[in-house]
Amino acid sequence: MSSTDNQENEENQGIQHSAVHSAGEAGSVKASDLTIEEQASLTSGSDAWHLTPVKRVGLEGFMITDGPHGLRKAEGLIDHPNTVPATCFPPAAAMASSWNPEVARKTGVAMGEECRQEKVAVILGPGVNIKRNPLDGRSFEFWSEDPFLAGHEAIGIVEGVQSQGIGTSLKHFTANNQETDRFQIDERISERALREIYLPAFEHIVKTCEPWTMMCAYNKINGHYSSENKWLLTDVLRKEWGFASIIMSDWGAVHDRVASINAGLNLEMPPSNTDNQVVEAVRMGKISAGQLEKMAQGMIELIEKVRPAMQTDFTYDVDAHDEVAYEAALESIVLLKNESNLLPLQAEGEQTYAFIGGFARTPRYQGGGSSHINPTKVTSVLQALGLEKNAELKKRVEFAPGFTLDNEPQSQELTDQALEAAKKHDIVVLFLGLPDIDESEGYDRTTLAIPAKQVELLKQVSAVNKNTVVVLSNGSVVDLREVKEHAQAIVETWLMGQAGGRAVVDTLVGRSNPSGRLAETFPLRLQDVPNYETWPGGEHVTEYSDGIYVGYRHYDTVGAPVAFPFGFGLSYTSFAYENVKAELTSPRTARVELDVHNTGERDGADVVELFVCPPSDCAVDRPVHELKGFAKVFVKAGESKHVVIDLDERSFAYWSEVRHDWHVQAGTYQLEVARSSRDVVVTLPVDIADDDKSMPLDEMNSLAEWIRDSHAYELYLKNGGKPFDVDVDDKAQEMFTAMPFANAVGFTQDATSREAMYQAVEQLKAERQ
Ligand code: BGC
């Protein structure tokens, strides 16, 4: 970290400290000092974007607004085309490819500053929902198909924003994985899938740096709306994870004020004018006075926490923030293919280029819906090239629009013009992507296809000039089979935010070395997606048929071919992993160390990915491997950097449905040091000890399970049960050892053994409850 960073950090910390200090000061308002009506009023907004003030005691109605990749401060109420200009940072789909939480943290600081200037107390984001299916219309707003990566990157946004004394709202809690029927859909999800896939990103952020607010999702989970789901909001979030801040609804997600307050929801947004129902429910005893007071107290604490930032004037530096957006975009670009080192292009030299495709002139840099930002400025690729100012370069670069983004058939004139340019120049840089209308909140996509006329143009262009580079603009995964076949180089830029044009140009010409890695798999076909048959469901129900096998967890476990695997990304330099070693740091934690050696000729950053493979004799089915650590390091050409990655106990655990708890099974786990989920460089074994969390056992568990559970079997014997002379590891005896213990004991026809078994069952119940 540079000294400027340190300084900036300390300044940021200053804000945070004063915020915390002020909230804790004596004389803070207590919910118990308010009337029931006042308490109820705090649990809903005063309009679409404001908290309700209680002027009598000096509680202000501060503004809260979107998020998540920039400030979207509406000038009107719900349907508000006019929002104040703000920096549009790269949406999460791009930023996730940076594999660099520091990029997110710096972005968060900048967003926090913009909130301070605009007097916005809470910015609604980040959204860490899992990319379960690439057709999800909001895929561009979310981070990854992997919960570890999503949680460990998005945390940077929370830390950065909150360092400015501004709150975040981690959303949408939980499993908001489709737009189709999002207001009503009942998602049938196993607890294991929730715990291993849909909750951990939230859990990590909540436990590591508490977000000042959480936003519940619209959807139901196993029959209960998230806003009324006591198990989710109170039992898991508050009691298990220790979340002490406030939970708000998504906009319009509350259907029953009373049920939502009882479930632990502090704030309904926007208001539905039903505070009287809350007051009435308290009078009727349907909400306890204590529960309403608790919900209102949370709101008071939030207001007090954000007050210092709201009361201090601040002006942010528009250009400096554009620079933050540029740097984030740079780290997010993923180089997917680079045959014969076609890239980088020559910033200076003789080579000439045809830049084809309207995206170079009019960039697609964000998606549609509530995250849509009114940018402070936008730099296109053509502007970033600076052709107007550089006469030499102007001679070497020709632009052709190539196609339109509407549904009209391809214009022959545009094709001819593109082919003409393609023939004339050494290299073609063809900009392809999805039209705006394809990616938005509110609806899902129906296909992975890039518009057919664009693909057709690629085929024709590459037929006349095989030196074709494709630059992609898309907020979610697309079908790349034909692009892969016809392009010599592919640059995935996602949606880059307002400064993307500069980042793309600097990457194309090698001023910056690409270091992004895919945060999601590019499957070959839609049919390969693990929930293809059941997504997005029907008649208001969707079955999470894929369980824990989301993304690479499925593709890698079944060995399905993919277009580009999770974690994949090329560089203009090369890296070697040296002195790789793994050691236990405790019976159930480990450390991996290695030196990353830049063996090429250019400086660049590498991402070390660490996957954990379960032992071969797993008690339950598990994916072949799961990401449990990563580190991004910048290494100068010819130099090495030491990398240390620690694995905690959770890295080895699975969610045990019978134990209702995480469980680490003893065994040899393989640690894979990798460049992608399909490119494992070194595999190292570690022997992990059992956490001795016993399984509940009763008479219907098998004889083998009783004998393997030495403590349970011992109890049975001590109680006078007859021993069994069997070998539970002998396949030939499985027919007998697999039968319920009650049957095996019954066969002995021994009343004492039967009694001993029932006593042992009771003793175990008492011990293991
Ligand atoms: C979205 C949220 C957003 C809210 C406020 C909802 O429709 O799902 O992500 O924060 O609107 O605009």
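**Backbone exceptions, model confidence and salt bridges**

The structure is a predicted model, in which local features require a pLDDT of at least 70 and side-chain atom pairs count only at pLDDT 80 or more, whereas totals for chains, interfaces and linings use all residues. Residues are numbered from 1 along each chain as its sequence is written, and side-chain values rest on heavy atoms, with hydrogens and water left out.

The phi angle of asparagine 273 is positive, at about 60°, although this residue is not a glycine. Asparagine 273 is placed in the loop between helix H9 (257-263) and helix H10 (275-284); helices (H or I, at least four residues) and strands (E, at least two) are DSSP runs, numbered from the N terminus. Glutamate 539, likewise not a glycine, has a positive phi near 50° and lies in the loop between strand S15 (522-523) and strand S16 (541-543). With a relative accessible area of 78%, glutamate 539 is exposed.

Most residues other than glycine have a negative phi, and most peptide bonds are trans. A cis peptide bond, with omega of about -5°, joins phenylalanine 173 to threonine 174, and threonine 174 is found in the loop between strand S3 (167-173) and strand S4 (186-188). Leucine 343 and proline 344 are also joined by a cis peptide bond, for which omega is about 0°; proline 344 is located in the loop between strand S9 (334-338) and strand S10 (353-356).

The mean pLDDT of the chain is 95, and 96% of its residues reach 70 or more, pLDDT being the predictor's confidence in each residue on a scale from 0 to 100. Over residues 1-27 the pLDDT is below 50, and this stretch has 28 contacts in the model beyond near neighbours in sequence, a contact being defined by heavy atoms within 4.5 Å. Where pLDDT is low, the predicted coordinates should not be read in detail.

Side chains of opposite charge can pair when their charged atoms come close. The structure holds 55 salt bridges, each defined by a side-chain nitrogen of Lys or Arg within 4 Å of a carboxyl oxygen of Asp or Glu. One of these is formed by aspartate 275 and arginine 257, whose closest N and O atoms are 2.9 Å apart; the pair links distant parts of the chain, with aspartate 275 in helix H10 and arginine 257 in helix H9, 18 residues apart. Aspartate 275 and arginine 257 are both buried.

Arginine 553 forms a salt bridge with glutamate 626, with 3.0 Å between the closest N and O atoms. Because arginine 553 lies in helix H19 (residues 552-558) and glutamate 626 in strand S21 (residues 626-635), the pair ties together parts that are 73 residues apart in sequence. Both arginine 553 and glutamate 626 are buried.

The side chains of arginine 708 and aspartate 729 meet in a salt bridge with an N to O distance of 3.3 Å. This pair, too, links distant parts of the chain, 21 residues apart, with arginine 708 in helix H20 (residues 703-708) and aspartate 729 in the loop between helix H21 (710-718) and helix H22 (734-737). Arginine 708 is exposed, with a relative accessible area of 53%, and aspartate 729 is exposed with 63%.

How values were computed: Buried < 20%, exposed > 50% of the residue type's maximum accessible area, 1.4 Å probe, protein only.
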